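Reader: Hey, I'd like to walk through this model with you. Can you put it up first?

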Amino acid sequence: MSWMSDEGASEELIADLVGHVKTSTTRTVCRHQLRPVITKGVELLEGVFGETLSAPD
């Protein structure tokens, strides 16, 4: 959902898609940013495997 938010999707649209009655639920649960978490995971795996991995676009 955070990627949809990054692309400009409204809270109302995201709430409708995931079945939330209140947009406040969407804001609380789904608006956290996953990209930094994924990027950090890729960096750690590169260290373990010693090669460059591609992060999702």
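Author: Here we go through the overall fold, then the helices and a few side chains.

Author: Keep in mind that this is a predicted model, where local features need pLDDT of at least 70, side-chain atom pairs count only at pLDDT 80 or more, and totals for chains, interfaces and linings use all residues. Residues are numbered from 1 along each chain as its sequence is written, and side-chain values use heavy atoms, with hydrogens and water left out.

Reader: OK, how many helices and strands in the chain?

Author: The chain has 4 helices and 0 strands, so the pattern along the sequence reads α-α-α-α. Helices (H or I, at least four residues) and strands (E, at least two) are DSSP runs, numbered from the N terminus.

Reader: Where in the chain is confidence lowest, and where highest?

Author: Helix α1 (residues 2-6) is lowest, at a mean of 77, and α2 is highest, at 90. That's pLDDT, the predictor's confidence in each residue, from 0 to 100. For the chain, the mean pLDDT is 80, and 79% of residues reach 70 or more. Where pLDDT is low, the predicted coordinates should not be read in detail.

Reader: Let's look at α2 then. Which of its residues are buried?

Author: Glu11, Ile14 and Ala15. Looking down the axis of α2, these buried residues fall within an arc of 100°, so they line one face of the helix. The arc is that of the directions from the helix axis to the C-beta atoms. Buried means under 20% relative accessible area, exposed over 50%, and partly exposed in between (1.4 Å probe, protein chains only).

Reader: And which residues are exposed on the other side of α2?

Author: Asp16 and Leu17. After α2 comes Gly19, with a positive phi near 85°.

Reader: Back to Glu11. What does its side chain make a polar contact with?

Author: With the side chain of Arg27, at 2.6 Å. A polar contact is a pair of N or O atoms within 3.5 Å; within protein, one must be able to donate a hydrogen and the other to accept it, and residues adjacent in sequence count only if both atoms are side-chain atoms. Glu11 and Arg27 also meet in a salt bridge (2.6 Å, N to O). The pair links distant parts of the chain, with Glu11 in helix α2 (residues 11-18) and Arg27 in helix α3 (residues 23-30), 16 residues apart.

Reader: What's the cut-off, and how many salt bridges does the rule give?

Author: A side-chain nitrogen of Lys or Arg has to be within 4 Å of a carboxyl oxygen of Asp or Glu. By that rule the count is 1 salt bridge.

Reader: Why does Glu11 count as buried?

Author: Because its relative accessibility is 18%. Arg27 is partly exposed, at a relative accessible area of 41%.

Reader: Switching to Thr28: buried or exposed?

Author: Exposed, at 66% relative accessibility. Thr28 lies in helix α3, and a polar atom of its side chain lies 2.9 Å from the backbone oxygen of Ser24.

Reader: Last one: what share of the chain counts as buried?

Author: Of the 57 residues, 18% count as buried.
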